[in-house]
Amino acid sequence: NGASYGPGVYLSPNASTSLGYSKVVKGSNYESIASSSRSENQFISGEQVKILALCEIIDDGTIKKADSIWVVANDEHVVTRFLFVFLPQSSDFNETVDKASRCSTTDTNFQSEISTVMENIKGNY
């Protein structure tokens with residue numbers, strides 16, 4: 001159900017949860033998904049891709065947290081910082097999805113890596 005936890009923007013600190021909702025899961029057979037779900041979700045030379053957003057959230061104390069599903073009522077409190085694009089025709093697609101699914105934004109090592117990347121990007125502008 002798309003609104004099981006009420007209205008708002010649905011997010012997860014765990015990439016595995018988000019990837020599960022995008023139908024990219026470890027061990028899934030992409031070919032059967034692709035052939036059964038052709039839709040307007042196709043671009044980049046007509047190829048179907050999966051995209052995962054890494055968002056920053058303003059935590060004003062109103063985030064509803066139900067295990068690995070978080071709901072932010074005010075969409076102005078969610079800012080997309082990175083988009084990760086998974087191309088199923090890539091030779092390392094399954095390996096990349098497997099690695100990505102283990103990421104958690106509540107992991108301090110992951111937070112540190114992202115902060116470093118953001119600082120490097122700022123330094124280039």
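Is Leu11 buried or exposed at 16% relative accessibility? Leu11 counts as buried (under 20% relative accessible area; exposed is over 50% and partly exposed in between, with a 1.4 Å probe and protein chains only). This is a predicted model, in which local features need pLDDT of at least 70, side-chain atom pairs count only at pLDDT 80 or more, and totals for chains, interfaces and linings use all residues. Residues are numbered from 1 along each chain as its sequence is written, and side-chain values use heavy atoms, with hydrogens and water left out.

**Figure 1. Overview of the protein chain.**
The secondary structure comes to four helices and five strands. Helices (H or I, at least four residues) and strands (E, at least two) are DSSP runs, numbered from the N terminus. From the N terminus on, the order of elements is β-α-α-β-β-β-β-α-α. Of the 125 residues in the protein chain, 29% are buried. Contact means heavy atoms within 4.5 Å. Among contacts between residues at least 6 apart in sequence, 68% join residues at least 24 apart.

**Figure 2. The open sheet E1-E4-E3.**
Three strands form this open sheet, in the order E1-E4-E3 and with antiparallel pairing. Strand E1 (9-11) and strand E3 (64-66) are the edge strands, each pairing on one side only. On average, neighbouring strands of the sheet are turned by 20 degrees against each other, direction ignored. Axes for such angles are lines fitted to C-alpha atoms, for helices over the stretch in contact, and angles run from 0 to 180 degrees between N-to-C directions. Two strands pair if DSSP finds at least two bridges between them; E1 and E4, which run antiparallel, are joined by three bridges. Tyr10 stands opposite Val71 in E4.

**Figure 3. Surroundings of Leu11.**
Leu11 is found in strand E1. Its C-alpha lies 6.2 Å from that of Val71, although Leu11 and Val71 are 60 residues apart in sequence. Beyond its neighbours within four places in sequence, Leu11 is in contact with Cys55, Ile57, Ser68, Ile69, Trp70, Val72 and Val78.

**Figure 4. His77 and its contact with Asp60.**
His77 lies in the loop between strand E4 (69-72) and strand E5 (78-86). His77 counts as buried because its relative accessibility is 16%. The side chains of His77 and Asp60 are joined by a polar contact of 3.5 Å. A polar contact is a pair of N or O atoms within 3.5 Å; within protein, one must be able to donate a hydrogen and the other to accept it, and residues adjacent in sequence count only if both atoms are side-chain atoms. Leaving aside neighbours within four places in sequence, the residues in contact with His77 are Glu56, Ile57, Ile58, Asp60 and Val72.

**Figure 5. Phe82 and Phe84.**
The structure holds one aromatic pair. Phe82 and Phe84 form this pair, which is stacked, at 6.3 Å centre to centre and 25 degrees between the planes. Rings of Phe, Tyr and Trp (its six-membered ring) pair if their centres lie within 6.5 Å; planes under 30 degrees apart count as stacked, over 60 as edge-to-face and the rest as tilted. Phe82 is buried, with a relative accessible area of 15%, whereas Phe84 counts as partly exposed at 34% relative accessibility.

**Figure 6. Asp67 in the loop between E3 and E4.**
Asp67 lies in the loop between E3 and E4. Phi of Asp67 is near 55 degrees, a positive value in a residue other than glycine. Asp67 is exposed, since its relative accessible area is 78%.
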